[in-house]
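The following exercises concern a two-chain model and are to be worked with the sequence and the coordinates at hand. Each task is followed by a solution in steps.

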Amino acid sequence: MSLRSQLLKGILEGCILSIIQKETVYGYELSQKLQQYGLNDVSEGSIYPILLRLQKEGLIKGEMKASPSGPKRKYYHLTASGESALCEIQEEWINIQNPVDKLLNRSFYDER
Amino acid sequence: MNAKELIKLNNKKRKELTKDNEEYYDNMLVYIRTSVSVSEQQAEELLMELLDHLIDAQAEGKRAEEVFGENLKTYCDEMIKQLPKEPLKSTAFFISFLLLQLASLMAIVSGIGNIVVHYVKDSSQTVYIGTAIVTFVIVAAIISLDVFLLLKWIQKSVYKISNKIKDFFLLFVLIFISLAGMVFLPKLIPPFGYVIEVGGFLYLATGAVTLIVLRWLNSKYQITK
């Protein structure tokens with residue numbers, strides 16, 4: 001896997017954890033939410049390998065529940081270690097957000 | 001829901017897919033189900049999730065390729081890597097159940113063989129326990145290898161267009177070598193081990209009783225689904 005896609009995956013993991021923290025969702029809902037936030041480049045299916053990994057690491061848990069539309073779906077919720085992992089990711093993100101933004105958009109700032 | 005119920009529901013729901021989407025999904029299903037090391041329950045739950053997702057996406061006019069990507073093998077491998085493995089204990093139990101079934105079938109076949117031979121010519125009915133066990137191990141090993149190779153072959157056929165003539169030829173060679181091995185390898189084993197004088201009928205009876213008990217256990221506990 002290239003470094004670039006690894007980086008993206010890590011960030012996507014954080015985004016998924018954040019959505020699940022707010023409310024329990026099932027797979028399709030989750031992909032819709034990501035798109036609503038503007039992450040259109042993320043292909044829908046790519047959430048499933050990530051969901052499986054997050055489950056394996058014990059950060060989220062899936063449970064079969066009846067959905068409003070009828071059929072049973074697997075809804076995901078955060079575990080305690082998921083909560084603390086999300087906090088860590090949020091802190092790390094705040095620390096690098098500004099400097100990375102400045103560095104990567106340097107030409108954009110220089111022009112002004 | 002257990003794996004069996006999920007499979008049933010999956011069969012029903014799959015009919016909602018369009019022809020192209022069903023073809024794509026079927027390939028995914030075969031690829032994941034033939035990965036024997038993963039937990040069946042977890043694999044079926046994942047397959048149900050993917051199916052639900054595809055049905056929802058289809059309602060919005062999306063194709064399976066757009067949802068899961070063009071490269072089915074890489075995508076499925078990535079998921080299989082993350083799926084929990086089947087506990088070793090239940091796999092071992094399952095395999096020994098199948099092997100026991102195989103052993104009783106072999107006993108029945110050789111029992112009938114012995115009886116026929118006995119009526120045609122007056123041959124001895126001596127069985128060497130050591131030889132019998134080694135013979136069984138050889139046959140079981142050959143059959144296990146065949147099953148393993150066939151599963152790999154099915155998995156490969158999902159993402160690779162196969163050459164029918166070549167496949168047929170390979171299958172023929174595999175069956176030929178397997179049968180030859182099962183018939184001739186045991187003949188190379190010198191007689192050894194504890195000696196019992198069994199008639200073909202005893203063989204037949206032991207095999208039949210074991211098989212009936214296994215069938216009964218299976219219908220009660222559903223070991224093989």
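In what follows, helices (H or I, at least four residues) and strands (E, at least two) are DSSP runs, numbered from the N terminus. The model is a predicted one.

**Exercise 1. Describe the order of elements in chain B and the extent of its C-alpha trace.**

Solution. 
Step 1. Under that definition, chain B contains 9 helices and 2 strands.
Step 2. Reading along the sequence gives the pattern α-α-α-α-α-α-β-α-α-β-α.
Step 3. The C-alpha trace of chain B spans about 75 × 40 × 30 Å along its principal axes.
Step 4. The radius of gyration of chain B is 23 Å, whereas a compact globule of 225 residues would have a value near 17 Å.
Step 5. Of the 225 residues in chain B, 15% are buried, where a buried residue has 20 or more other C-beta atoms within 10 Å of its own.
Step 6. Among the contacts in chain B with a separation of 6 or more, 88% are between residues 24 or more positions apart.

**Exercise 2. Compare the UniProt annotations of chain B with the secondary structure of the model.**

Solution. 
Step 1. The unreviewed UniProt entry lists "transmembrane region" for residues 91-120, 126-148, 168-186 and 192-217 of chain B.
Step 2. One of these spans, residues 126-148 of chain B, is 87% helix and 13% strand, with 34 Å between its end C-alpha atoms.
Step 3. Another, residues 168-186 of chain B, is 89% helix and 0% strand, and its end C-alpha atoms lie 28 Å apart.
Step 4. The unreviewed entry also places a "coiled-coil region" at residues 3-60 of chain B.
Step 5. In the model, residues 3-60 of chain B are 79% helix and 0% strand. The end C-alpha atoms of that span are 29 Å apart.

**Exercise 3. Into which domains is chain B divided, and which elements supply the contact between them?**

Solution. 
Step 1. The division gives domain 1 (3-82) and domain 2 (88-221) of chain B.
Step 2. Taken over C-alpha atoms, the centres of domain 1 and domain 2 of chain B are separated by 35 Å.
Step 3. Domain 1 of chain B puts 7 residues into the contact, and domain 2 of chain B puts in 5 residues.
Step 4. On the domain 1 side, the elements that give two or more residues are α2 (19-33) and α5 of chain B.
Step 5. The most is given by α2(B), with 3 residues.
Step 6. By class, this side of domain 1 of chain B has 4 nonpolar, 2 polar and 1 charged residues.

**Exercise 4. Characterise the side of chain B that touches chain A.**

Solution. 
Step 1. The contact takes 16 residues from chain B and 13 residues from chain A.
Step 2. Three helices of chain B, α3 (40-59), α4 (64-68) and α5 (72-82), each supply at least two residues of the side that touches chain A.
Step 3. With 7 residues, α3(B) gives the most to that side.
Step 4. The class count for the side of chain B that touches chain A is 8 nonpolar, 3 polar and 5 charged residues.

**Exercise 5. Determine the order of elements in chain A and the arrangement of its strands.**

Solution. 
Step 1. Chain A has 5 helices and 3 strands, and from the N terminus on the elements run α-β-α-α-β-β-α-α.
Step 2. The 3 strands form an open sheet in the order β1-β3-β2 (chain A), with antiparallel pairing.
Step 3. The edge strands are β1 (25-26) and β2 (60-66) of chain A, each of which pairs on one side only.
Step 4. Between β1(A) and strand β3 (residues 72-78) of chain A there are 2 bridges, in the antiparallel sense. A:Val25 has A:Tyr76 in β3(A) as its bridge partner.
Step 5. Antiparallel strands β2(A) and β3(A) are joined by 7 bridges. The bridge partner of A:Ile60 in β3(A) is A:Leu78.

Conventions
Residues are numbered from 1 along each chain as its sequence is written. Chains are lettered from A and ligands numbered from 1 in the order in which they are written. This is a predicted model: local features need pLDDT of at least 70, side-chain atom pairs count only at pLDDT 80 or more; totals for chains, interfaces and linings use all residues. UniProt positions are given in the numbering used here, feature names are shortened, and annotations may be inferred rather than shown by experiment. The radius of gyration is taken over C-alpha atoms; the globule rule is 2.2 Å times the number of residues to the power 0.38. A residue is buried if 20 or more other C-beta atoms lie within 10 Å of its own, exposed if 12 or fewer, and partly exposed in between; C-beta atoms are placed from the backbone. Two residues are in contact if their C-beta atoms, placed from the backbone, lie within 7 Å. Ala, Val, Leu, Ile, Met, Phe, Trp, Tyr, Cys and Pro count as nonpolar, Asp, Glu, Lys and Arg as charged, and the others, Gly among them, as polar. Domain bounds come from an automatic or database domain assignment. Two strands pair if DSSP finds at least two bridges between them.
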